[in-house]
Amino acid sequence: MNQDIRTEIEKIIKDEVRKIGRPDLFREPMVGFVSVDDPAIVNVKEIVGPWHDSPEDQLPGARTIIAYTVPFTKKVAHDPEFAKFSGLVWSEAYVLINKNFELISNIVADYLRSQGYEASTVKATNDYDQSNPVSSWSHRTMACAAGLGRFGMNRILMTSKGSAVRYCSLLTTAELTPSRPYDGPVCMGLDGGDCTICLDACPVGALTHWFDGGNFDCQDLQETYHDKMIEELSVDTAGTCGKCIAVCPLAYIE
Ligand code: B12
């Protein structure tokens, strides 16, 4: 029963991404499951911050968090690298997948309800106050705990299909078997490695500043790029940069 539900959830997510009909932008998703009793979830307020919700805040009686990631294609993954501001293809993929995350999570939640469980979805992004850019629910922390990846020096969660991916997660009262811990490729700048490509690529040095104990001041850059795209290129796109991902030698893994 438990295994059937897990299999069906994975199938729904994969089918729905396929139905978007953009194999030029998105690859097959990966899905992970983590129990609310996992130490990374129990201690989430200490790990991420005191403002972060507990599973119980999101869904009373929650037992499992379902995290999923949609990897970008090679074309999307490397698009921001040489873009003057935001990459147009990266931006298109960003907007399209955000819209679909909501749809996909709702379909999974409806399926779980049809099986007699409660479920609640969480917005993929833009759920925060611009003056304090932190969300009350960190999708990548959930994905990390669900075995989908490991954090890199660029603060990005890298998966076995690379770091050019996007995340979403939802909660359910169903008790589902947790996924195995992540054992894929990891950031080459951590654990004694000497790679600093992402740090060097940040147009405003936000990562270096953060590494040196300062704030992570990347928010202004996202806004500046949005304004510049309208002003100089007459295109209104999402305020995305993405260079810290695109330059990573492991941004795209086949
Ligand atoms: C607010 C926000 C921003 C803010 C930055 C806020 C900040 N201080 O980090 C701004 C607007 C600047 C921004 C920029 C970008 N963002 Co943004 N953003 C978010 C949002 C909405 C909330 C993130 C948040 O609350 N951050 C606060 C910090 C404390 O939490 P966190 O970053 O999620 O995770 C931290 C902890 O988990 C902890 N951690 C470290 N080690 C470990 C180990 C363990 C075991 C655990 C459990 C945790 C842990 O470190 C993490 C990084 O600090 C999320 C969506 C969401 N709701 O999750 C997307 C999200 C993080 N953004 C994303 C992306 C892609 C970007 C950009 C590349 C721009 C773009 N869209 O193209 C840049 C990259 C910036 C970067 N290098 O981190 C993706 C990340 C994908 C990935 N592969 O990791 C997300 C998950 C959106 C999505 N739905 O996919 N973002």
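Tutor: Asp15 and Arg18 both lie in helix 1, 3 residues apart, about one turn of the helix. Helices here are DSSP runs (H or I, at least four residues), and strands are E runs of at least two, numbered from the N terminus. The side chains of Asp15 and Arg18 form a salt bridge, 2.9 Å from N to O. That term means a side-chain nitrogen of Lys or Arg within 4 Å of a carboxyl oxygen of Asp or Glu. This is a predicted model: local features need pLDDT of at least 70, side-chain atom pairs count only at pLDDT 80 or more, and totals for chains, interfaces and linings use all residues. Residues are numbered from 1 along each chain as its sequence is written, and side-chain values use heavy atoms, leaving out hydrogens and water.

Arg18 is exposed, at 54% relative accessible area. Exposed means over 50%, buried under 20%, partly exposed in between (1.4 Å probe, protein chains only). Asp4 and Lys19 are also exposed, and with Arg18 they sit on the face turned away from the buried side of helix 1.

The buried residues of helix 1 are Ile5, Arg6, Ile9, Ile12, Ile13, Glu16 and Val17. Seen down the axis, they fall within an arc of 125°, so they line one face of the helix. The arc is taken from the directions from the helix axis to the C-beta atoms.

A second salt bridge joins Lys14 to Glu28, with the closest N and O atoms 3.9 Å apart. Lys14 is in helix 1, while Glu28 is in the loop between helix 1 and strand 1, 14 residues apart. Lys14 is partly exposed at 24%; Glu28 is partly exposed at 41%.
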